[in-house]
Amino acid sequence: MNSLYNIALYIAGFILEILAFFNKKIKLGVEGRSKTFKILEEHLSNHDQTFWFHCASLGEYEQGLPIFKQLRTENPHHKIVLTFFSPSGYEIRKNTEIADVVVYLPMDTKSNTKRFVKLVNPELTIFVKYEIWPNYLNELKKQDLRAILISAVFRKEQSYFKFYGGMMQNALRTFEHIFVQDESSKNLLNSNHFDNVTVAGDTRYDRVSDQLLQDNKLSFIEDFVDGKLCVVLGSSWPEDEALFIAYINSITSDDVKFIIAPHNIKSNQIAHFVSQLNKKTVLFSEKNIKTLSEFEVFIVDTIGILSKIYSYANIAYVGGAMGKTGLHNILEPAVFGVPIIIGKNYKKFPEAFQMIANGGVMSIKNKEELQASLNRLLKNSEERIALGDLNSTFINKNKGAVIQIMSYIRK
């Protein structure tokens, strides 16, 4: 199996180089990985003490950030190497202050892993949530270097627990310790003879709680909302937007404003979206040349401000679960005490199950259910506040993963 995996890696690398000619995102990754070793050689020396943080993409970075920040604070003389596999993580966080060096992770070939580990020589390695690279982990183990996995979630249908998953399960066994989000993950690992497992919860609860300590004021959003009720559609995909187009076009009240933050902010797609609305619509990119209070819909054609925008929401719809792309972060609006609506495909997201059971999150299957949910919440301020309070209380009760993980690291 190991030989097949290594052969597959070389084939995959070759295919990616071909696809890079036709796909901009793949091209960014291929070109970025080709520069990794040169960047590391320029920024690291044999005398450096280092930590290595690896995140598949932006979501995992945000999940690991509370731990990364704490380690940075407690170890100011260590150099931190942050790696991403996906351009969607690297391109957005390549200048983050949390790390001294940010690079693409080279393909998981044996030659790459030996060279990478030798250059970085991490005192501690932290992988976040899902992405497991067997050759990297085996090389760390071989060099007797510490590695932990944080905020992990496991399900019995994953490859680790299949008859063909021996190699991936062995890769998991290289971790010194595994911190999981829930008891079901721990029980599944325990049943497969993993004893080095702790339920620490999800570090994202700590991450979003930090948002309350920041200045979340956005004067242009205040100008747009103008004291009226505000519905925020965050990280939307076409399946989510189709429902909202129908609802926004049907609403007759002048007392409701809508803020839409699409996941994809390509100008042609946003233009197509706007063309389907019959309400006065303004873009973020137009905010300095328009009187925002005159508009009913605000389209966020930029990135990086959604978490602050949620602080202005009376109701939030979080996208991704109406289609098959995956539910986006429902904790971001929840921390501000906002009632939340999501789509129907959330089975891979334990926080969604828990928050639906807790009462502050509603799942809808179609535009009729969306209309009913929004109408009820818009008309009933007491219910809005009550459901929002359930969400903020839930976030507060589930904080603390950082304390557990850092206590272990400091041993």
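Mentor: Two strands count as paired if DSSP finds at least two bridges between them. Keep in mind that this is a predicted model.

Trainee: What makes S6 and S7 a pair?

Mentor: Three bridges join strand S6 (residues 177–180) to S7. The cut-off is at least two bridges, so the two strands pair. They run parallel, and Val180 has Val199 in S7 as its bridge partner.

Trainee: Why is S7 called an edge strand?

Mentor: The open sheet has seven strands, in the order S3-S2-S1-S4-S5-S6-S7, with parallel pairing. Strand S7 (197–199) pairs on one side only, as does strand S3 (101–104). Neighbouring strands of this sheet are turned by 20° against each other on average, direction ignored.

Trainee: Which strands pair with S4, and over how many bridges?

Mentor: Strand S1 (residues 50–55) pairs with S4 over four bridges, and strand S5 (residues 146–152) pairs with S4 over five bridges. Both pairings are in the parallel sense. Thr125 in S4 stands opposite Trp52 and also opposite Ala147 in S5. From S4 the chain crosses through helix H6 (residues 134–142) to S5, a right-handed β-α-β crossover.

Trainee: How do you know that S4 is largely enclosed by the rest of the structure?

Mentor: Buried means under 20% relative accessible area. Five of the five residues of strand S4 (residues 124–128) are buried, so the strand is largely enclosed.

Trainee: Which way do the residues of S4 point?

Mentor: Leu124, Ile126 and Val128 point one way, Thr125 and Phe127 the other. In a regular strand the side chains alternate between the two faces of the sheet.

Definitions and conventions. Residues numbered from 1 in each chain as written. Predicted model: local features only at pLDDT ≥ 70, side-chain atom pairs only at ≥ 80, totals over all residues. Heavy atoms only, no water. Buried < 20%, exposed > 50% of the residue type's maximum accessible area, 1.4 Å probe, protein only. Right-handed = clockwise from strand over helix to strand, strands pointing away. Axes fitted to C-alpha atoms, helices over the stretch in contact; angles between N-to-C directions.
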